[in-house]
Amino acid sequence: MAGENNRVVIVTGGSSGIGRCTASALKENGCIVYEFSRRSIPMVGVTHLSVDVTDEDAVNAAVQQVIQKETKIDAVINCAGFGISGAVEFTSMEQAKAQFDVNFFGTVTVNKAVLPFLRHQGKGHIVNISSVAAVAHIPFQTFYSASKAAVSSYSYALANEVKPYGIHVTVVELGDICTGFTKARQKSILGDDEYGGRISRSVSQMEHDEQNGMDPARIGRYIAGIVEKKNPAVVYVAGAQYKFLSLLCKLLPAAARGKIVGKIYG
């Protein structure tokens with residue numbers, strides 16, 4: 001059972017990438033960490049629970065297991081996610097729905113499971129991982145961008161709903177990070193000829209940027225640091241260049257924003 005000074009934290013998608021780095025950083029900070037993912041890749045000091053975030057029953061059972069063991073939950077960090085790429089015209093509805101099922105509804109399912117407990121507890125912190133793609137909408141990664149925009153919008157609204165109960169909600173919008181996410185992306189270049197080769201060029205540019213992106217361990221420590229804050233902000237953007245890009249996208253007219261993003265990835 002957790003002591004008063006030990007934060008109990010759930011991290012989804014903790015078997016790899018940002019989730020794994022975040023779980024490791026939280027453990028180093030003295031937290032009791034439960035990692036929810038489909039794969040068991042052992043990490044010393046972190047408890048793995050086999051959970052598919054799209055399975056509501058599995059999520060509910062795992063959250064109850066943590067509550068019964070620790071009697072409290074201090075924070076939940078929703079890192080589970082994946083990416084697809086391709087032209088909207090040639091993306092199947094099955095692929096598009098799967099993107100939202102994990103990235104958006106997976107986050108919703110986990111939060112729905114913990115919210116009643118956090119509300120009765122009178123405190124807690126929900127951290128949802130989004131992307132700068134939520135505001136810099138990336139062509140040929142339309143459904144990924146849309147899923148992350150949904151996560152950000154959901155987080156802003158949820159923050160107001162639960163604030164009176166001592167619950168903080170934070171969305172962290174990330175930029176390019178060098179992880180296995182790039183290799184795991186479900187890519188389709190169907191229609192590349194019809195689109196003048198723009199699909200493959202756009203995704204190639206994105207992959208180049210990701211593989212030259214930020215260190216995931218640094219981002220894990222950054223997210224873990226947010227959990228330590230007494231009065232966290234509703235939104236954080238990691239990295240100075242991405243803070244500038246996010247601000248620019250929010251301030252510029254849609255036509256100007258589209259022109260800039262289109263020049264890079266369109």
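Before going on, some ground rules. This is a predicted model, where local features need pLDDT of at least 70 and side-chain atom pairs count only at pLDDT 80 or more, while totals for chains, interfaces and linings use all residues. Residues are numbered from 1 along each chain as its sequence is written, and side-chain values use heavy atoms, with hydrogens and water left out.

Okay, back to T182. It lies in helix α6, residues 181–184; helices here are DSSP runs of H or I with at least four residues, strands are runs of E with at least two, and both are numbered from the N terminus. Is T182 buried or exposed? It counts as buried, because its relative accessibility is 7%, and buried means under 20% relative accessible area, exposed over 50%, partly exposed in between, with a 1.4 Å probe and protein chains only.

Now zoom out. The protein has 10 helices and 9 strands, and buried residues make up 50% of its 266 residues. Among contacts between residues at least 6 apart in sequence, 71% join residues at least 24 apart.

On to the cores. A nonpolar core is a set of buried Ala, Val, Leu, Ile, Met, Phe, Trp, Tyr and Cys residues joined through side-chain atoms within 4.5 Å. The largest one has 38 residues, and V9, V11, L26, I77, I129, L174 and I219 touch the most other members. Which helix gives the most to this core? That's α8, residues 216–228, with 5 residues. There's a second, separate core of 36 residues, including L49, V51, V102 and V110.

Beyond residues up to four places away in sequence, A23 touches V11, V33, M43 and V46.

Last topic, the rings. Rings of Phe, Tyr and Trp (its six-membered ring) pair if their centres lie within 6.5 Å; planes under 30 degrees apart count as stacked, over 60 as edge-to-face and the rest as tilted. By that rule we get 5 aromatic pairs. F104 and F105 make an edge-to-face pair, 4.8 Å centre to centre with 70 degrees between the planes. F104 is buried at 14% relative accessible area, whereas F105 is partly exposed at 42%. The rings of F104 and Y154 are also edge-to-face, because their planes sit at 85 degrees, with the centres 5.7 Å apart. F104 is in the loop between α3 (93–103) and α4 (105–121) and Y154 is in helix α5 (residues 142–162), so this pair ties together parts that are 50 residues apart in sequence. Finally, ring pairs link F90, F140 and Y195 into a cluster.

Key
Contact = heavy atoms within 4.5 Å.
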